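Subject: Structure handover

Hi,

Here is the structure I promised. Please open it alongside this note, and then read on for what turned up.

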Amino acid sequence: MALKTAFCSSLIKIFSDSPVDFSYEGLSLLHGEKGNFQIVFRSDRDCTVTVKTDFSAVSLYEVKEIYSRTPIHKDSCGDIYLEKNGDPGFYPDLLDIFNGTLTLKKEKTAALWVNVDSAKAVSGNYDIVFCIEEDGAKTELSFPLKIWEARLPSQELIHINWFHTDCLASYYKVPVFSEEHWRITENFIKNAVSHGVNCIFTPLFTPPLDTEVGGERPTVQLVGVKRGKNYKYEFDFSLLERWIDMCLRNGASYFELSHLFTQWGAKHAPKIMAETSEGLKKIFGWETKASSAAYMNFLSQLGPALKEYTDKKGITDICFIHCSDEPSLEDIKYYKKASDAVRKYFGAYKHIDALSDFDFYKKGLIEIPVPEEGCIEEFDGNVPSLWTYYCCGQYREELPNRFFAMPSIKNRILGVLLYKYNCAGFLHWGFNFYYSQYSKREIDPFTETDAGGSFPSGDSFVVYPGKDGSPLSSVRQKVFYDGFQDIAALKALEKKYSRQFVLGFIKEELGDINFRSYPFDTDKFLSFREKIGPLLEK
């Protein structure tokens, strides 16, 4: 049998028809950093290969191709995609549990994803030995690894990736906030935090996000509400308490309190359920005008009660709160009324929203604007705390993103760009959105990756729901987190030298990069990254 093997970097997407002609000569990591590379296999016949390693800091995953009906929008710039025509196809994305054996199909390329957690080893030089066996024939592959004494500092940048706990209840068919739902939710929270999501989207009430006008998402309301006489409200924060404790024990650093007004204009109230004299019923929703006296009365009582609770819990200073998501300039009069209410009743929290028209900030309607990356230049230098986001709309030009059909460098380069622009935070809407657009129906994320044909595959989630209620990671999630580790490494370099030195280093190695211009050469990028360790220990 002719079994071909090779090592390659994490920035190459391995398709079933990829040639096995890669050369990757080793990896170095700062201590505490997690690194990734791949082992590629191809055989001239069907066979089963056993792969083992005794290096305890290594975890192995099988890279699996996932079908995409919508790899790109038809008006995308083809040259920046792996698929230039937008035709449906299969893309390497899922990192599945590896049980020790890899099934190879004749003349089809397969890959194992190798994740190295350097915190589980001491500094030094290693040869990671992989023992490969097929039909009694044994061979060994050796991969050089260096772990520097210099440590990767803690993540400073605030990372939000919206956590959709209702999608977990829907996919796993468990009652909302049942014990099983809590178990599954914690599994996903743990995964999110371990991949750099340090600010957790927290549904005070069912989030009014990606919901059809007049439609509803499953109720996932953490604040209990009881409406008494004369519309006096009592609030129960016991579920919120459990949520916060769960997030804190899994390493979360911040909380993002859900939107108090509907998406795309702030014209209505979110769905809010309450105990009333008539039993549990919906008291606010699409039928409620955002500026109505009834809803303002509700917010005027919720705000002080929530602050009293978060003060007691000691988390007020690490909470962000939302008004409305992605308002347009034509909605500014509605947004102003909603923003006024947020400042009046929830002024203790940092007010943050994704919006890209600078007029909202210039008119004093938002404390922390989060513009999409294509508009960041207008905000750069004009706001005290620069954030950015991307979603399905950022698919043209060279803008970084995480779609299936994009080369991985477009995913990872975001980290260096966030450092260069001195960004305080990054937001994305889809950690685990398993519904179609507007939440009209549930989807199976293993077979329908484009939210019902609405978004390029890869936009709406970065983890897959595993069979045991635990998430399965993706190539995109690992590469994205590598970008966040790049930021931390550059911060370490800045502390040793200066920010001016680091900016000069980036320019010398990668050029005068911005969100629309950066090198696509993966070898060049990896060479840049490998030079940080020696500079730190020089």
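Strand E16 (residues 272-276) is largely enclosed by the rest of the structure, because 4 of its 5 residues are buried. Buried means under 20% relative accessible area, exposed means over 50%, and partly exposed is in between (1.4 Å probe, protein chains only). Strands (E, at least two residues) and helices (H or I, at least four) are DSSP runs, numbered from the N terminus.

This is a predicted model: local features need pLDDT of at least 70, side-chain atom pairs count only at pLDDT 80 or more, and totals for chains, interfaces and linings use all residues. Residues are numbered from 1 along each chain as its sequence is written, and side-chain values use heavy atoms, with hydrogens and water left out.

Back to E16. E16 runs antiparallel to strand E17 (residues 279-284), and 5 bridges join them. Two strands count as paired if DSSP finds at least two bridges between them. E16 and E17 make a hairpin with 2 residues between them. Threonine 276 has glycine 279 of E17 as its bridge partner.

**Sheets**

Strands of a sheet pair through backbone hydrogen bonds, either parallel or antiparallel.

Axes here are lines fitted to C-alpha atoms (for helices, over the stretch in contact), and angles run from 0 to 180 degrees between N-to-C directions. E1 pairs with strand E3 (residues 34-43) in the antiparallel sense, over 7 bridges. Look for cysteine 8 opposite glutamine 38 in E3.

Another open sheet of 5 strands has the order E2-E10-E9-E4-E7, and its pairing is mixed. Strands E2 (27-31) and E7 (101-104) are the edges, and each pairs on one side only. Here too, the twist averages 30° from one strand to the next.

Strand E4 (residues 47-53) is joined to strand E9 (residues 124-134) by 4 bridges, and the two run antiparallel. Valine 51 stands opposite isoleucine 132 in E9. Lysine 52 has cysteine 131 of E9 as its bridge partner. E4 also runs antiparallel to E7, again with 4 bridges. There, threonine 50 is partnered by threonine 101.

**Cores**

In soluble globular proteins, nonpolar side chains tend to be buried together. A nonpolar core is a set of buried Ala, Val, Leu, Ile, Met, Phe, Trp, Tyr and Cys residues joined through side-chain atoms within 4.5 Å.

The largest nonpolar core has 104 residues, and those with the most contacts inside it are Val225, Phe261, Tyr295, Phe298 and Leu299. Helix H4 gives the most to this core, with 8 residues. A second, separate core of 85 residues includes Phe7, Cys8, Leu141 and Ile147.

What does valine 225 contact, leaving aside neighbours within four places in sequence? Its partners include Phe205, Tyr233, Phe235, Ile272, Ile283 and Phe298. Contact means heavy atoms within 4.5 Å.

**Helix packing**

The axes of helix H3 (residues 238-249) and helix H4 (residues 293-313) come within 12 Å and cross at roughly 35°. Their crossing is right-handed: the near helix is turned clockwise from the far one by less than a right angle. H3 brings Leu240, Glu241, Ile244 and Asp245 to the contact, and H4 brings Leu306, Tyr309 and Lys313.

**Single residues to check**

Aspartate 166 is in helix H1 (residues 165-172). Is aspartate 166 buried or exposed? Aspartate 166 is buried, with a relative accessible area of 2%. Not counting residues up to four places away in sequence, aspartate 166 touches Arg217, Pro218, Val220 and Tyr435.

Most residues other than glycine have a negative phi. Phenylalanine 177 has a positive phi, near 60°. Phenylalanine 177 sits in the loop between H1 and helix H2 (179-194), and is buried at 16% relative accessible area. Asparagine 230 also has a positive phi, of about 55°. Asparagine 230 lies in the loop between strand E13 (224-227) and strand E14 (233-236). Asparagine 230 is exposed, with a relative accessible area of 70%.

Best wishes
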